[in-house]
2 protein chains.
Amino acid sequence: MDLSIAAAKALDAADPLAGKADQFSLPDGVIYLDGNSLGALPKGVDQRVANTLANEWGTGLIRSWNSAGWVDLPQSVAAKLETVIGAEPGSVVIADSTSVNLFKLLAAALERAAAMEAGKRRKILTERDNFPTDNYIAEGLIRLTGETHELVRVDTPQAVLPALDEDVAIVMLTHVNYRNGFRHDMAAVTAAAHAVGALVIWDLAHSAGAMQVELAAARVDFAVGCTYKYLNGGPGAPGYLYVAPHHLGHCQQPLSGWFAHADPFAFSPDYQPASDITQFLCGTPPVLSMVALDQALDVWADVDLAALRKKSLDLADYFIGLIDDKCAGHDLTLITPRERHQRGSQVSFTHPDGGYAMMSALIAAGVIGDFRSPDILRFGFAPLYIGFADVWHAVDKFAHILETRQWDAPQFHARKTVT
Amino acid sequence: MDLSIAAAKALDAADPLAGKADQFSLPDGVIYLDGNSLGALPKGVDQRVANTLANEWGTGLIRSWNSAGWVDLPQSVAAKLETVIGAEPGSVVIADSTSVNLFKLLAAALERAAAMEAGKRRKILTERDNFPTDNYIAEGLIRLTGETHELVRVDTPQAVLPALDEDVAIVMLTHVNYRNGFRHDMAAVTAAAHAVGALVIWDLAHSAGAMQVELAAARVDFAVGCTYKYLNGGPGAPGYLYVAPHHLGHCQQPLSGWFAHADPFAFSPDYQPASDITQFLCGTPPVLSMVALDQALDVWADVDLAALRKKSLDLADYFIGLIDDKCAGHDLTLITPRERHQRGSQVSFTHPDGGYAMMSALIAAGVIGDFRSPDILRFGFAPLYIGFADVWHAVDKFAHILETRQWDAPQFHARKTVT
């Protein structure tokens, strides 16, 4: 691997996705390696939201629920996402938060699993190191429904398949781990789960928008995801959920608000669930956030997802190579797999005691990654707007901070709530 | 009552809230009597959202969770609302949708009710004519938790108190009815519920922002509400919820996402509920919608809520008086109580077959009210931006449409999804 800046620039010149960066607004003097946490601002979102405020809300007022298509946003925005995650038409809605959506799907999946066979399986299988909110949500549902299920948490991703047995109702996993970037083989795990009669729920928060996700081809049952990371929907943008078409109409989610009704505007006194994907909605859609996301998803119309994945892995390989070369001897331990097929689009290191301060110093120097408790430095590579020269300069700055021990100044050790 | 336009203008001239209308952007040629469904756009929201997009998201990126205070929005925005609804400091959060929040509170309230005495009460008491999504949510929770509770729906608001007995766990009511505008006596119903050992959940969707709501003084246990009606937060703006301080830490809501954790950014593997109001959050807050609402709530800083309530009732009395005088003989039946203390800030009529078409014709003429299935014409009076001359002109146009039977043209009978 040629680790020169000239080589990095040559890779950028040959990058088929290089032009995409022009579709984003990024501040000068910043190398942004945290698009896995909050994606960058796509150009055009500002105009779109301003139009919704001034014309649709300000002038159209209540009429815009029809005339501006607000009422259909949960499905019309989802249609743009379906192609990015390999989902069938009509299998996705944008709604609520990822956590709320997971609650809906877990409850519906447990009902579906119970209906598919006599008796009731007891286990929901996940990883201890799954994104915490996913496991918290499962704990909340289990507590609410009387502890009739158990959340079984294995210690490593490799321990998932051996833990599959005929008492597992649901396998609930995140496709790419938020800490170390480990990527599950979605199709293989799904097939293994199905082989013991279990259903799967995948959380796509750290994979959708960074690689091909093939929900239909992998025969996935249910999925949730986040739109504010690689999908660039904006801070706290709504979540989404996927239900395989053959499950629609055969299970019911419990947050049965009016948008989940077969005929919401009939205002009928009794709940009658919609038979299509809208049964997985709940309340009134958040229009401002929805239109921002709608605009942001237009970026994907012409993206070759195979090229996206290749660039993502090449960027990370280049980053790892540079760190190996320039940052050796500073106690950084790579916790992300080196094998390309086992990785998402992020690279993480641990440091025994300086992780937080090192990341703070790096951010102060204009290279934005993030820190995850207790000791992880995390770097994400959003292939639509990060190039090889960015990676080169990021490591150059990091090496300088390590060599000079700049990071050990007191101001870089003062903790904030979120990094 | 002097029903002349001159009298209307004199009332506007003497209105202490008249200046407030300048804080809203309303289109020319429109009289907006649907602020009870979607509030008007407050001036300044556009600039605030534009700043969040360009500077906080675009430039600040992930750093804005700290530097722009995004992480605290659910509480900092709620603080502005607490004074409007008579709630104690720290008793309200902005989050999710009204429906999702009701699900959380119902589950928490049932747990609290069960803990407060030996044994388990079976009934959740409400009205058949409650806003449908509230009853749907209760049905969903009851179904999920194994039908151990029953949703008892009385036929009239007057039937609530007689239905109270010691098998009622929760009284779940909307303060002001969405169809006929009937207003419950919150303090009296709450006291009666407490007298039989039940807890109350009030939905404030159609009251907050149109009158004084005194949650603490009325000793309310729990409340939810909507911010896109009289609170002008924008289409699909986030909901809010209230938990009386003495219940905090004594019951747990089941949508236990990471923002409900005692220490969300510790990413600990097990859920540990926060002991304060943040336990009622779930996932990541929707920042764009939150900042729009935050700006919209600044309108309330100097509003005298007693003056607001008086104006609201005066507007509606004036409207009823004008309709009685100018629209007699057209089969309109007032279904809103004439007694001021029994009303919210809306006035509704039924018409045996022309309701939808009459409202469509009126909207086409620039007077925006709405229609609610099957036969209700609904007019809302947002006291911050509606004046007496507006009411006079609205009825003048309506009378003309009725006299000329303009409404009976085919185009006014074609139904849309939402009105």
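Through which surface do the copies meet, the same or a different one? In this predicted model, 100% of the interface residues of chain A are also interface residues in chain B, so the copies meet through the same surface. The close-up views below begin with that interface and then turn to parts of the individual chains.

**View 1. The interface between chain A and chain B.** On each side, 75 residues take part: 75 of chain A are in contact with 75 of chain B. Several elements of chain A give two or more residues to the side that touches chain B, namely the helices H2 (45-60), H3 (64-67), H5 (98-116), H6 (132-144) and H9 (287-297), together with strand E14 (370-372). H6(A) gives the most, with 10 residues. Sorted by class, this side of chain A has 42 nonpolar, 24 polar and 9 charged residues.

**View 2. The axis that relates the two chains.** Chain A is superposed on chain B by a rotation of 180° with 0.0 Å of shift along its axis, and the RMSD is 0.0 Å. The two copies are thus related as by a two-fold rotation axis. Thr145(A) has the C-alpha nearest the axis in chain A, 2.6 Å from it.

**View 3. Packing of helices H4 and H9 in chain A.** Two packed helices are described by the angle between their axes and the distance between the axes. For helix H4 (residues 73-82) of chain A and H9(A), the angle is about 20° and the axes are 9 Å apart. Angles under 35 degrees count as roughly parallel, and that makes H4(A) roughly parallel to H9(A). Their crossing is left-handed. From H4(A), the residues Leu73(A), Val77(A), Lys80(A) and Leu81(A) meet Val287(A), Met290(A), Leu293(A), Asp294(A) and Leu297(A) in H9(A). By class, this contact of H4(A) with H9(A) has 7 nonpolar, no polar and 2 charged residues. H9(A) is also one of the elements that give two or more residues to the side of chain A that touches chain B.

**View 4. Packing of helices H11 and H12 in chain A.** Helix H11 (residues 355-364) and helix H12 (residues 388-404) of chain A pack at an angle of about 125°, and their axes are 10 Å apart. H11(A) and H12(A) are therefore oblique to each other. The crossing in which H11(A) passes H12(A) is right-handed. Met358(A), Ala361(A) and Leu362(A) of H11(A) make the contact with Lys397(A), Phe398(A) and Ile401(A) of H12(A). By class, the contact has 5 nonpolar, no polar and 1 charged residues.

**View 5. An open sheet of 4 strands in chain A.** The strand order is E11-E12-E15-E14, and the pairing is antiparallel. Strand E11 (333-334) and E14 of chain A are the edge strands, each pairing on one side only. E14(A) and strand E15 (residues 376-380) of chain A are joined in the antiparallel sense over 3 bridges. Opposite Phe371(A) stands Leu377(A) in E15(A).

**View 6. Backbone features in loops of both chains.** Most residues other than glycine have a negative phi, and most peptide bonds are trans. In chain A, the peptide bond from Ser373(A) to Pro374(A) is cis, with omega near 5°, and Pro374(A) is found in the loop between E14 and E15. In chain B, the bond from Ser373(B) to Pro374(B) is cis with omega near 0°; Pro374(B) is found in the loop between strand E14 (370-372) and strand E15 (376-380) of chain B. Arg219(B) has a positive phi, near 60°. Arg219(B) is found in the loop between strand E8 (199-203) and strand E9 (222-226) of chain B.

Key. Residues numbered from 1 in each chain as written. Chains lettered and ligands numbered in written order. Predicted model: local features only at pLDDT ≥ 70, side-chain atom pairs only at ≥ 80, totals over all residues. Axes fitted to C-alpha atoms, helices over the stretch in contact; angles between N-to-C directions. Parallel < 35°, antiparallel > 145°, perpendicular 65-115°, else oblique. Left-handed = near helix turned anticlockwise from the far one by under 90°. Contact = placed C-beta atoms within 7 Å. Nonpolar A, V, L, I, M, F, W, Y, C, P; charged D, E, K, R; others polar. Least-squares fit on C-alpha atoms with pLDDT ≥ 70 in both. Pairing = 2+ DSSP bridges.
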